Structure formats: C-alpha cells, structure tokens
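Here are my notes on the model you sent over.

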Amino acid sequence: MLFKFAICGEVFFTRESAREHVKIKHPEKVRKILSNLRSSSIVNLEKRGVDPENWAAGYFIAFSQREESN
C-alpha cells in the first residue's frame, strides 16, 4: 500500500515512514491536533504507553492521505 499526501505530494510505502515524515516536515499539523485534545486524553494516551506526538501524526495520516493502488 502506498500513502500519498495531498498537501505535499510525498509518497511513502509504509505507515511508519509516513508518520516520521509528518512529525519532521509538518510539526504544525501535529501541534494543532494535540492542541485540540483535552489534557486528560493526552494523559490517557501516555498511560497506555502511546506517544501523543506519534498518535497525532497517525491521526493526520488517516485523514489526509490518499490510498494509491499498485
């Protein structure tokens, strides 16, 4: 499965590489998603062992990428 971002046109072969790209190249998007969460939601993510920044990048991917078929 390929992941292609409409905002920058980058294509990725894995969700993990796409997530790293979002955290590095689009940190403002990650910050905006995190700022919209309640602080208790962030605490709950941390209690479950989930990195909130990584979660926000995955959330961004889920709603902004277009799935490309081979």
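1. Overall layout. Bear in mind that this is a predicted model. The protein has four helices and three strands, and reading from the N terminus the order is β-β-α-α-α-α-β. The C-alpha trace spans about 40 × 20 × 20 Å along its principal axes. Of the 70 residues, 31% count as buried. If you take contacts between residues at least 6 apart in sequence, 49% of them join residues at least 24 apart.

2. The core. The largest nonpolar core has 12 residues: Phe3, Phe5, Phe12, Ala18, Val22, Val30, Ile33, Leu34, Ala56, Ala57, Phe60 and Ile61. Elements giving two or more residues to this core are β1, α1, α2 and α4. Helix α4 provides the largest share, four residues. Several of these names come back in the points that follow.

3. Helix α4 itself. This helix covers residues 52-64. With 13 residues, α4 reaches 18 Å from its first C-alpha to its last, close to the 18 Å expected at 1.5 Å a residue. Its buried residues are Pro52, Ala56, Ala57, Gly58, Phe60, Ile61 and Ser64. As a reminder when you look at that list, an α-helix has 3.6 residues a turn, so residues three or four places apart point the same way.

4. α1 against α4. How do these two helices sit relative to each other? The axes of α1 (residues 15-25) and α4 come within 9 Å and cross at roughly 105°; the pair is therefore roughly perpendicular. On the α1 side the contact uses Arg15, Ala18, Arg19, Val22 and Lys23, and on the α4 side Glu53, Asn54, Ala57, Gly58, Phe60 and Ile61. Sorted by class, that makes five nonpolar, two polar and four charged residues.

5. α2 against α4. Here too the axes come within 9 Å and cross at roughly 105°, so α2 and α4 are roughly perpendicular. Lys29, Val30, Ile33 and Leu34 of α2 meet Pro52, Glu53, Trp55, Ala56, Ala57, Tyr59 and Phe60 of α4. What classes do the residues of this contact fall into? They divide into nine nonpolar, no polar and two charged.

6. α1 against α2. The axes of α1 and α2 (residues 27-35) come within 5 Å, crossing at roughly 90°. That makes α1 and α2 roughly perpendicular to each other as well. The residues involved are Val22, Lys23, Ile24 and Lys25 from α1, with Pro27, Glu28 and Val30 from α2. The class count is four nonpolar, no polar and three charged.

7. Ala56 and Ile33. Ala56 belongs to helix α4, and at 0% relative accessibility it counts as buried. Beyond its neighbours within four places in sequence, Ala56 is in contact with Val30, Ile33 and Leu34. Ile33 is located in helix α2. Why does Ile33 count as buried? Its relative accessibility is 14%, and the cut-off for buried is under 20%. Not counting residues up to four places away in sequence, Ile33 touches Trp55, Ala56, Tyr59 and Phe60. For a couple of distances to check in the viewer, Ile33 and Lys23 are 10 residues apart in sequence and 12 Å apart C-alpha to C-alpha, while Ala56 and Gly9 are 47 residues apart in sequence and 20 Å apart in space on the C-alpha atoms.

8. Phe60 and Phe5. Which residues does Phe60 contact once its neighbours within four places in sequence are left aside? They are Phe5, Ile7, Val22, Lys29 and Ile33. Phe5 is part of strand β1 (residues 2-5), and counts as buried at 1% relative accessibility. Phe5 lies 23 residues from Glu28 in sequence and 15 Å from it in space, C-alpha to C-alpha. Both Phe5 and Phe60 are listed in the 12-residue core of point 2.

Notes:
Residues are numbered from 1 along each chain as its sequence is written. This is a predicted model: local features need pLDDT of at least 70, side-chain atom pairs count only at pLDDT 80 or more; totals for chains, interfaces and linings use all residues. Side-chain values use heavy atoms; hydrogens and water are left out. Axes are lines fitted to C-alpha atoms, for helices over the stretch in contact, and angles run from 0 to 180 degrees between N-to-C directions. Angles under 35 degrees count as roughly parallel, over 145 as roughly antiparallel, 65 to 115 as roughly perpendicular and the rest as oblique. Contact means heavy atoms within 4.5 Å. Ala, Val, Leu, Ile, Met, Phe, Trp, Tyr, Cys and Pro count as nonpolar, Asp, Glu, Lys and Arg as charged, and the others, Gly among them, as polar. Buried means under 20% relative accessible area, exposed over 50%, partly exposed in between (1.4 Å probe, protein chains only). A nonpolar core is a set of buried Ala, Val, Leu, Ile, Met, Phe, Trp, Tyr and Cys residues joined through side-chain atoms within 4.5 Å. The expected span of a helix is 1.5 Å times one less than its number of residues.
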